[in-house]
Amino acid sequence: MKHALLATAAVVAGAWFFQAPAYADTILVFGQSSGTPITATENAAQNQTTLSATDAAITITQIQNGAGGAAFFDLNATSTDAAQPLGSGAAQHYAGTFSIFSGVGMTGTNFLSGSFTDLVFGTGTGGALAVGAPPDLAAFTSDVITSLSSPLAVGLAFTNIAPGFAIVGTSIGSFTSNVSGTFSANAVPEPASLALLGLGLLGLGLVRQRRA
């Protein structure tokens, strides 16, 4: 069990590291402990899989320019290529849409919605959907969050995957899971830029001291 949890954590962390753009603000975080699951449905030919959720009850734990609380998550994404082995797990590209609203049926306040292309990683009972735009494609809209500039990122973590993340035919096999998510946007200064700014301010201070 310990090794399985470590493998799952490594896959989720790896997906986020390789896909998410660095140096962006976290704009929304949510979790789900029970209720309507995420469903992966493989077609009869076993060459394409759809990820979906309809009115999955979630809890927003962090949101920019707003208060957290209960919300509903919808997801519709379809695989765009063949799944590839990745260590003991698999990876596959998807494209689709998501929405997080205050009411069922995508009604009420639009906390955050968007479209994306992405890469899904997984192994055993855990996996992740990771979008980093650029180079992936992503677009966000919101009634609450006013600043949604690039870089944009989506990180969905799938837990309690059953019957287990695996390639069946040429696509990811059908499963159900719980989900949590982290979304980010808006460029912030990179460490190198901050260092240059610091050096510039230091130089300015030295110049003023000499003049004094």
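Which residues form one aromatic cluster? They are Phe30, Phe73, Phe98, Phe116, Phe140 and Phe183.

## About the model

This is a predicted model, in which local features need pLDDT of at least 70 and side-chain atom pairs count only at pLDDT 80 or more, while totals for chains, interfaces and linings use all residues. Residues are numbered from 1 along each chain as its sequence is written, and side-chain values use heavy atoms, with hydrogens and water left out.

## Aromatic rings and the core

A search of the whole structure finds eight aromatic pairs. Rings of Phe, Tyr and Trp (its six-membered ring) pair if their centres lie within 6.5 Å; planes under 30 degrees apart are stacked, over 60 edge-to-face, and the rest tilted. Phenylalanine 140 and phenylalanine 183 are edge-to-face, because their ring centres are 6.3 Å apart and their planes stand at 75°. This pair links distant parts of the chain, 43 residues apart: phenylalanine 140 is in strand β9 (residues 138-141) and phenylalanine 183 in strand β13 (residues 175-187). Strands here are DSSP runs (E, at least two residues), numbered from the N terminus.

The largest nonpolar core has 41 residues, and Phe30, Leu51, Phe73, Ile100, Leu156 and Phe183 touch the most other members. Such a core is a set of buried Ala, Val, Leu, Ile, Met, Phe, Trp, Tyr and Cys residues joined through side-chain atoms within 4.5 Å. Strand β3 (residues 49-63) gives the most to this core, with six residues.

## Strand β8, wrapped up

Let's turn to a strand with neighbours on either side. Strand β8 (residues 126-133) is largely enclosed by the rest of the structure, because eight of its eight residues are buried. Gly126, Ala128, Ala130 and Gly132 point one way, and Gly127, Leu129, Val131 and Ala133 the other.

β8 runs antiparallel to strand β7 (residues 107-123), joined by five bridges, and antiparallel to strand β10 (residues 152-162), joined by seven. Strands pair if DSSP finds at least two bridges between them. Leucine 129 has leucine 156 of β10 as its bridge partner. β7 and β8 form a hairpin with two residues between them, and glycine 124 in the turn has a positive phi of about 60°.

## A buried glutamine

Glutamine 92 sits in strand β6 (residues 89-103) and is buried, with a relative accessible area of 1%. A polar atom of the glutamine 92 side chain lies 2.8 Å from the backbone oxygen of aspartate 81.

Notes: Helix = DSSP H or I, 4+ residues; strand = E, 2+ residues; numbered from the N terminus. Buried < 20%, exposed > 50% of the residue type's maximum accessible area, 1.4 Å probe, protein only. Polar contact = N/O pair within 3.5 Å; in protein donor to acceptor, adjacent residues only side chain to side chain.
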